Amino acid sequence: MVDTLRRDPDGCSLSPRRRALVDYAVKLARTPGSVVEQDLEPLRRAGLMDRDIHDACAVASYFCFVNRMANGLGVELEEKDPGR
């Protein structure tokens, strides 16, 4: 599922809860300045409470932060050991 999400997050078949989370995380990552209160409504309709939304925001934001730091410092991924 992760590979499908990377290739086509909009076309990936997901439960309503996961769809709301993915849509929110994608918007937060791609256009963070455009996130508004109305963007939280699909999350609430999917059953997420304010604490859940906070946690989703924190995880998505931290992931973006770490990746931008790595990119900004020229960090390269280690190659996976095929024997592991």
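**Entry 1: helix α2**

I began with the length of helix α2: at 1.5 Å a residue, its 15 residues should span 21 Å, and the end C-alpha atoms are 21 Å apart, which agrees. The expected span of a helix is 1.5 Å times one less than its number of residues. I took helices as DSSP runs of H or I with at least four residues, numbered from the N terminus.

I note that this is a predicted model, in which local features need pLDDT of at least 70 and side-chain atom pairs count only at pLDDT 80 or more, while totals for chains, interfaces and linings use all residues. Residues are numbered from 1 along each chain as its sequence is written, and side-chain values use heavy atoms, with hydrogens and water left out.

Next I looked up which residues of α2 are buried, and I found R19, A20, V22, Y24 and L28. Buried means under 20% relative accessible area, exposed means over 50%, and partly exposed lies in between (1.4 Å probe, protein chains only). The cover over these buried residues includes α1 (2-7), α3 and α4; contact here means heavy atoms within 4.5 Å.

**Entry 2: helix α4**

I repeated the length check on α4. Its 23 residues should span 33 Å at 1.5 Å a residue, and its end C-alpha atoms are 32 Å apart, which agrees. The buried residues that I noted in α4 are I53, A56, A60 and C64. Their cover includes α2 (16-30) and α3 (41-45). After α4 comes G74, with a positive phi near 75 degrees.

Y62, F65, V66, M69, L73 and V75 make a nonpolar patch of about 640 Å². Patches are made of residues with over 30% relative accessible area and no salt bridge; nonpolar side chains (Val, Leu, Ile, Met, Phe, Trp, Tyr) are joined within 5 Å, and like charges within 9 Å.

**Entry 3: cysteines**

How many disulfides does a search of the whole structure find? I recorded 0 disulfides, a disulfide being a pair of cysteine sulfur atoms within 2.5 Å. C64 is in no disulfide either, as the nearest cysteine sulfur, that of C57, is 9.7 Å away. Both residues count as buried: C12 has 8% relative accessibility, and C64 has a relative accessible area of 16%.

**Entry 4: salt bridges**

My search of the whole structure gave 7 salt bridges. A salt bridge is a side-chain nitrogen of Lys or Arg within 4 Å of a carboxyl oxygen of Asp or Glu.

One of them joins R6 and D3, at 3.4 Å from N to O. Both residues lie in helix α1, 3 residues apart, about one turn of the helix. An α-helix has 3.6 residues a turn, so residues three or four places apart point the same way. R6 counts as exposed at 65% relative accessibility, whereas D3 counts as partly exposed at 47%.

I also followed R44, which is partly exposed at 31%. The side chain of R44 meets that of E37 at 3.1 Å, N to O, and that of E41 at 3.3 Å, N to O. R44 and E41 both lie in helix α3, 3 residues apart. Salt bridges that share partners join E37, E41, R44 and D50 into one network.

How values were computed. Accessible areas come from the Shrake-Rupley method with a 1.4 Å probe; for residues, only the protein chains shown count as cover. Helices (H or I, at least four residues) and strands (E, at least two) are DSSP runs, numbered from the N terminus.
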